[in-house]
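Morning, everyone. I have one structure to show you today. Please take a look at it while I talk.

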Amino acid sequence: MKLNNNIVNGILTVSIILSFLVSCKEEIKPSIDKKSLSDKVYPFLDTENSRWFFFSSASRPFGMVNLSPDTQIGGDWGTGYRYNTDTIKGFSHIHAWQLSGLSVMPVTISHENKDHIFTDFFSSFKHQAETITPGYHSVELDRYQIKVALTSTKRVGFHQYSFPKNKEAGILFNLNTILGPCENVEGVLKQTGKSELAGKLVAAPTHRRPKPLTIYFKVQLNVPVTALEEDAETGNYLIKIENTEKAVLMKAGISYTSIENATNNIQQELPHWDFDKVVTESKTEWHNMLSRIQVEGGTDTDQKRFYTDLWHALQGRRIISDVNGAYPDNTGKTFRVGQLPLNADGKPKFNHYNSDSFWGAQWTINTLWGLVYPEIMEEFVHSLMQYYKDGGMIPRGPSGGNYTYVMTGASTTPFIVSAIQKGIIKEDLESIYSALKKNHMSGGIMGKAGYEHTTDIGGGLKYYLEKGYVPYPIPEGNFGLHQDGASQTLEYAYQDWTLAQLAKKLNHDEDYNYFMARSKNYKHVFDTNISWMRPKNVEGTWAENFDPYQYEHGFIESNAAQSTWFVPHDVDGLALLMGGKDKAIEKLNTQFETAKALKFTSGTSHDAELHPEYSRIPINFGNQPSIQTSFIFNQLGRPDLTQYWTRTVIKETFSGLAPSTGYNGDEDQGLMGSLNVLFKMGLFQMNGGTEENPAYQIGSPIFNKVTIQLNPKYYSGETFVIKASNNSPDNVYIDEIKLNNKPKMYLSISHEDIVNGGELLLEMSNKPSQ
């Protein structure tokens, strides 16, 4: 089904409103400020291609609870809210990296369905009877004629149900089910008061998350529970409730530590029953976050897409700690409840997080969070270090309070180093450095391949240290996933360079020289005879029958053409291997010309990358390995090509506003959304902002004016403004640059210059500047 104008604008038609008023006793309508920037967010973006953690509606930024309807529940990929599926299978509270849980479904109970309600409870719905804004979701269940509205605090889901008159009302708790990435088992629900229930379920282990995690929850209603029934066959529960004239309200507080903490989360975050108030507060929180960047100019669609991208950048990774700082620690042999450090007021100094990999984050959230949301970057660094204190390693993607070893390398090193170089993290630098260094040495996380839980062979670090490269294949055999030696070599070399920058800052000269030498290892997998990165076996022999466009043969989620350019720390050195900058420019420009025919992505979804035609694309902006490539031209002395190709990629690939389009690949918890925001602002960091006083490359902003509100806790400036004079879809080239009204000759700007506040003026033209 295609969107009509009502859905695009997020407004119900008059006929739907009238129909609803007739069928339901009480209209559920949020009283919210119409001028909020959250109104510009288009939640349906790319929902035909979404995965379990991709879509959020009734959620706060990084909330433990991200409550929304599920139309598909049978796995990690292609599940959650899928736009083209017209059946709701439940409303679940946890849509996180490798975690799911607490699916509920309001129902009406009749003579016809009472005998099979536990197995036959799904309901169709229509998008025309649906409203979604950040923090709010309403929809009508056709089967039951129940109007459902959802909102939340950080840790509490808040439901509002309007049941039809003269029907027996109930809520089904589908506690034992396949739900997204994992199976929910051992679900238990007990009535603990006239209008209260408590329970728990276990998120069973997955291939990626090797240990189970118990999810505790407390439920409170504004009406009495008249009966609680358990089904022996499914193990699920049905509660019957009084069907009163007023709307039924239900709170569901979540905790990964105890029912007591789930109850406390409700008491601290949602002590009242004012649904509209929570909707308004949620919308205000989203507006405040989104308004850190204010854009002017461009089309209305451009602005809506921009704020939708920014919305994506502020979700996906999820809080796992309670209001009081209790959190699940699964890093040891036995599970324990940990406690975050408290400040003088008795509140946690930071939140603890569940997160997909930071693989590719150097080009996305490193820059966006570090500049616009430094408080978020600081929290995540503290959270990552808490994992180190508990389990002995900094994770690259933790889930359920434990390591998952998702993807490869030591991908959190650039993230943490960037936070330090930007002055966001200032204390305990020696301890942090020691922890990062441990990850880069034998026995550290760099030596583990993807999901290699019990060994550290698949990462090939032993060979990287001995020979200067990771062989393909690993001679010992298969351990974990993503054992692609050429890519692993490139990743490790870049990550070593970033660690070297921190060693330099802390005056560890010997370490600096050691890791800088390791950062040159990328040269060992570059074949100068053919000018491509190329896998080698353990004897040092180049891979035979080499095809630079063959996907995942020595290269992680990419081909050689895409990954050859993964040398963000030494573009000049790479160009020299290619025969000089002119040859490198010609080579990369040809790749862009070829990739344009496929709109710069391998199909419209992550799984399409394996398609025999799509996988052969030479540049892919749908996955992380080559998303930096348009800015390489800047460093090769051709900023006009950076400006042209970045604008072209935005136009062809990242301008859509429909369920069928959006990111055309793997939107890993805000990474692609962040990339889009940076491209459209005209700022980028090639090495992830890991050098001293990090530099931002200047691109070609699509807006006439971008105003960044700087966080006064971290930065001395109030705002930094980018003005693009004479900007238009044709005027993509920068003709003249002024910083604070002074001419500037270079297409880069330092972090210090930005965070001190000021104005960058770009004079745009339709011709490349000489």
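Predicted model: local features only at pLDDT ≥ 70, side-chain atom pairs only at ≥ 80, totals over all residues.

Start with the largest nonpolar core. It has 198 residues. Phe173, Leu221 and Trp369 touch the most other members. Which helix gives this core its largest share? That is helix H11, residues 485-505, with 10 residues. As background, nonpolar side chains in soluble globular proteins tend to be buried together.

Next, glutamine 98. Find the loop between strand E4, 90-96, and strand E5, 99-109. Glutamine 98 sits there. Is glutamine 98 buried or exposed? Its relative accessible area is 2%, and the cut-off for buried is under 20%, so glutamine 98 is buried. What does its side chain make a polar contact with? The side chain of aspartate 76, at 3.2 Å. Asp76 is also on the list of residues that glutamine 98 touches, along with Pro181, Cys182, Thr206, Arg208, Arg209 and Ser399. Again, that list skips residues up to four places away in sequence.

Last stop, helix H18, residues 671-681. Why call this helix largely enclosed by the rest of the structure? Because 11 of its 11 residues are buried. They include Leu671, Asn676, Phe679 and Lys680. Just after H18 comes glycine 682, with a positive phi of about 85 degrees.

Conventions
Residues numbered from 1 in each chain as written. Heavy atoms only, no water. Core = buried A, V, L, I, M, F, W, Y, C linked by side-chain atoms within 4.5 Å. Buried < 20%, exposed > 50% of the residue type's maximum accessible area, 1.4 Å probe, protein only. Helix = DSSP H or I, 4+ residues; strand = E, 2+ residues; numbered from the N terminus. Polar contact = N/O pair within 3.5 Å; in protein donor to acceptor, adjacent residues only side chain to side chain. Contact = heavy atoms within 4.5 Å.
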